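Trainee: Could you pick one part of this structure and take me through it closely? I'd like to see how it connects to what lies around it.

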Amino acid sequence: MGLKLIKNGTIVTASDMYKADILIEGEQVALIGTNLTYDNAEIIDAEGYYVMPGGVDPHTHLEMPFGGTVSKDDFETGTIAAAFGGTTTLIDFCITRKGESLQNPIREWHAKSKDKAVIDYSFHLMIGEINDEVMKELPVILKEEGITSFKVFMAYKDVFQADDGTLFQTLQTAKELGALVMVHAENGDVIDYLVNEALSAGNTAPIYHALTRPPEAEGEATARAAELTGLAGSQLYVVHVSCEESASKIKEAREKGYDVWGETCPQYLVLDQDKLDLPDFEGAKYVWSPPLREKWNQDKLWSALKNGSLQTIGSDQCSFDFDGQKTLGEGDFSKIPNGGPMIEDRFSILFSEGVKKGRISINQFVDMISTRSAKLFGMYPKKGTIAVGSDADIVLFDPVKERTISVDTHHMAVDYSAFEGMQVTGEPVTVLSRGEFVIKDQQFVGTLGAGQYIKRARYGERLVNQADRIALK
Ligand SMILES: NC(=O)NCCC(=O)O
Ligand SMILES: [Zn+2]
Ligand SMILES: [Zn+2]
């Protein structure tokens, strides 16, 4: 088995920061110590770098059919861009269809990813309805696929939206099975009404996407999902929290003792609603849901991250070209495909805007970008940390390197960057996935299909080896 020795770096985990060397044997971390030497090991010099666990992105939509088109980055370009950005594991949403076996979309998602992914990945499962068939399939899927998180959309009426009965039953079922329920928390019925009202009044520009999805609609849905979770005695993860109205509801729920977690995304931390008002339809580049908010919300989100009422950072990667995809909504904002290209800049933006600007500590950074998601989604300690026995998913990160984010240099397949021109400090330089280089000195050296599908442990349980998962209760 090949040996690699990472020398002279500063290891940073969710709890520690110390100088040490790391011996990698095959796919795993074999030893951590000072002044390690091995004659037959390949030396990786990490002098001046932070050595961090690879990022875990809990929220992506690769090659996802949506809004009359398909998101542009697939498991090839999406995972390559993720790796450039320091992410070594992602969890993509498997989108199901009502009235059909859940196994069909799962097969489709395996077919889309298997020969393309360059980093490890897993799937969340969308629940659009609960019926006898679904109830029969879920325990089997949980056991055989290791899918231990279910996603319920409270928005996108007549597309993905599920009703409250479905959400409540999903919460009850998840409690029984040991799964985590995720919600897109926006009141889809109210939004549908406001969208129709705006269009009838001739208000068709991209900014009306934000104006018809007010923060109250997100706060209300968040509070409703949290209360239903308390009632079911279950567990909930609120994806892409965009505003104070929602973050405060999560805080309140946690104070009541409900098992509720919250994720926000880089875009809500650094961009604001004015982007949707850019001329020449350029605002369409910033159309996703929930929408960008008034700028003051950014401080509230940073505080929520700092004080622990929000815990993770997902990218919500769902990229569409401006030309030919976003432009489907010219003359009708409701037809602009919702989503943006975020997978590559999650790590750098959180480090630069968070750690460098003193808003969060470096250990909090590692927790938010990697460890917490690995724990919540049943992959820890195989993923999400640097420890003996963990997968050698490791990022060598240069904390002082400066870069300007641009479509000209990014690795996503889309024709624009949502963060064009933004200066960031800190950049992943070398990235290993299970002991193999994927990015070496900022060059892609990985292999298509080398990424493995991860069967995850149940909510609250640990994952040591794939085989161990089967033995978990
Ligand atoms: N966020 C977004 O606009 N698109 C992806 C689907 C979702 O997460 O709602
Ligand atoms: Zn969503
Ligand atoms: Zn999403």
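Mentor: Let's sort out residue classes before anything else: Ala, Val, Leu, Ile, Met, Phe, Trp, Tyr, Cys and Pro count as nonpolar, Asp, Glu, Lys and Arg as charged, and the others, Gly among them, as polar. This is a predicted model, where local features need pLDDT of at least 70 and side-chain atom pairs count only at pLDDT 80 or more, while totals for chains, interfaces and linings use all residues. Residues are numbered from 1 along each chain as its sequence is written, and chains are lettered from A and ligands numbered from 1 in the order in which they are written.

The part I'd pick is the shell of ligand 1, made up of H61, H184, W288, S289, D316, C318, N338 and G339 (a residue is near a molecule if its C-beta atom, placed from the backbone, lies within 6 Å of it). Sorted by class, that shell has two nonpolar, five polar and one charged residues.

Take D316 from that list. It sits in the loop between β17 (312-313) and α11 (346-355) (helices, H or I of at least four residues, and strands, E of at least two, are DSSP runs numbered from the N terminus). Its phi is positive, about 55 degrees, even though D316 is not a glycine. D316 counts as buried because it has 30 C-beta neighbours inside 10 Å; the cut-offs are 20 or more other C-beta atoms within 10 Å for buried, 12 or fewer for exposed, and partly exposed in between, with C-beta atoms placed from the backbone. Another non-glycine with a positive phi is E63, at about 45 degrees. E63 belongs to the loop between β8 (55-60) and β9 (65-66), and with 19 C-beta neighbours inside 10 Å it counts as partly exposed.

Now go to S289, also part of the shell. Its peptide bond to P290 is cis, with omega near -10 degrees, and P290 is in the loop between α9 (266-270) and α10. Y380 and P381 are joined by a cis peptide bond too, with omega about 5 degrees.

The axes of α8 (residues 244-255) and α10 (residues 296-307) come within 9 Å and cross at roughly 25 degrees; axes are lines fitted to C-alpha atoms, for helices over the stretch in contact, and angles run from 0 to 180 degrees between N-to-C directions. That angle makes α8 roughly parallel to α10 (under 35 degrees is roughly parallel, over 145 roughly antiparallel, 65 to 115 roughly perpendicular, the rest oblique). On the α8 side the contact uses E244, A247 and K251, and on the α10 side N297, K300, L301 and A304; contact means C-beta atoms, placed from the backbone, within 7 Å. By class, that's three nonpolar, one polar and three charged residues.

The class count for α7 with α8 is five nonpolar, three polar and four charged residues.

Technical notes. Contact = placed C-beta atoms within 7 Å.
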